[in-house]
Amino acid sequence: MKKLHILFIALFASLFVLTSWTAAEYYAPMPDNPGDILLGDWRPSNGRSVIRISKGETKKGQDPDKYYGRIVWLKEKNNDDGTPRVDVNNPDESKRSQKILGLTNMRGLEFVGDENDLVWENGNIYDPNNGSDYSFEMTMDKKNTNIVDGRGYIGVSMFGRTDTWKRLVRK
């Protein structure tokens, strides 16, 4: 009977640990401002970059109530000759020599949802691969706060492309 009791306690403890780990893996804690749950490092589906999303900084001329994304990691940060990749496709010639690593490519995203409907809209995203700028919105997965769908579009959201980004979680 004592062995059965110990086995039951071990099973219960294992279940508790497994449940706690699973919850921590899929749910980031909700901050005071629900929109701030977007803050962090995100990897687009192609896996070629990491975007760090942060609140705007007034010293950079950004709105502190909006969200901005900066490229903080590139799979291929240098050209074949070893020089850093630069924004050669930018329509503004004066910006073609700026490095892609460190570039702020997501701008002015506003949180328009609530705790139950995590949505950001009215932003823009720049694609240095083709030099195009798109309107941008994001929606967080309701079951997993480490997944967002980002939708870039021109004009009407219906005519755009959605990409799923995953949060980089420290273990």
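The chain exposes about 11,300 Å² of accessible area, of which carbon and sulfur atoms supply 54%. The model described here is predicted. Of the 171 residues of the chain, 29% count as buried. The chain holds 1 helix and 8 strands, and from the N terminus on these elements run α-β-β-β-β-β-β-β-β. Among contacts between residues at least 6 apart in sequence, 42% join residues at least 24 apart.

Strand β5 (residues 119-127) runs antiparallel to strand β6 (residues 132-140), and 7 bridges join the two. In this pairing, N124 stands opposite S135 of β6. The two strands form a hairpin with 4 residues between them, and G131 in the turn has a positive phi of about 75°. A positive phi is also found at N122, about 65°, although N122 is not a glycine. N122 is located in strand β5. It counts as partly exposed because its relative accessibility is 49%, a value that lies between the limits of 20% and 50%.

Strand β6 also pairs with strand β7 (residues 147-153); the two run antiparallel and are joined by 6 bridges. Across this pairing, E137 stands opposite R151 in β7, and T139 has D149 of β7 as its bridge partner. A hairpin is formed by β6 and β7, with 6 residues between the strands. Strand β7 is mostly covered, since 5 of its 7 residues are buried.

On to the next pairing, 7 bridges join β7 to β8, and these strands run antiparallel. V148 stands opposite W165 in β8. Here too a hairpin is formed, with 6 residues between β7 and β8, and G155 in the turn has a positive phi of about 80°. The loop between β7 and β8 (160-167) also contains F159. With a relative accessibility of 59%, F159 counts as exposed. Together with V156 and M158, F159 forms a nonpolar patch on the surface, and the accessible area of the three residues together is about 360 Å².

In soluble globular proteins, nonpolar side chains tend to be buried together. The largest nonpolar core of the model has 21 residues, and those with the most contacts inside it are L38, I53, L109, W120, M138, M140 and W165. The elements that give two or more residues to this core are β2 (49-55), β3 (67-74), β4 (104-111), β5 and β6. The surroundings of M138 illustrate the packing. Leaving aside residues up to four places away in sequence, M138 touches L38, I53, M106, L109, L118, V119, W120, V148, D149, G150 and W165.

Charged side chains were examined next. Side chains of opposite charge can pair when their charged atoms come close. The structure holds 7 salt bridges. One of them joins the side chains of D36 and K55, with an N to O distance of 3.1 Å. D36 lies in the loop between α1 (2-26) and β1 (40-43) and K55 in strand β2, so this pair ties together parts that are 19 residues apart in sequence. K55 counts as partly exposed, at 24% relative accessibility.

A further salt bridge is formed by D117 and K142, whose closest N and O atoms are 3.7 Å apart. This pair links distant parts of the chain: D117 is in the loop between β4 and β5, K142 is in the loop between β6 and β7, and the two are 25 residues apart. D117 counts as partly exposed at 34% relative accessibility, whereas K142 is exposed, with a relative accessible area of 62%.

K59 forms a salt bridge with E57, the closest N and O atoms being 3.8 Å apart. In this pair, K59 counts as exposed at 72% relative accessibility, while E57 counts as partly exposed at 28%. Both residues belong to a network of salt bridges that links E57, K59 and K60.

Technical notes:
Residues numbered from 1 in each chain as written. Predicted model: local features only at pLDDT ≥ 70, side-chain atom pairs only at ≥ 80, totals over all residues. Heavy atoms only, no water. Pairing = 2+ DSSP bridges. Patch = residues over 30% accessible without salt bridge, like charges linked within 9 Å, V, L, I, M, F, W, Y side chains within 5 Å. Areas by Shrake-Rupley, 256 points an atom, 1.4 Å probe, with all protein chains shown as cover. Salt bridge = Lys/Arg side-chain N within 4 Å of Asp/Glu carboxyl O. Buried < 20%, exposed > 50% of the residue type's maximum accessible area, 1.4 Å probe, protein only. Core = buried A, V, L, I, M, F, W, Y, C linked by side-chain atoms within 4.5 Å. Contact = heavy atoms within 4.5 Å.
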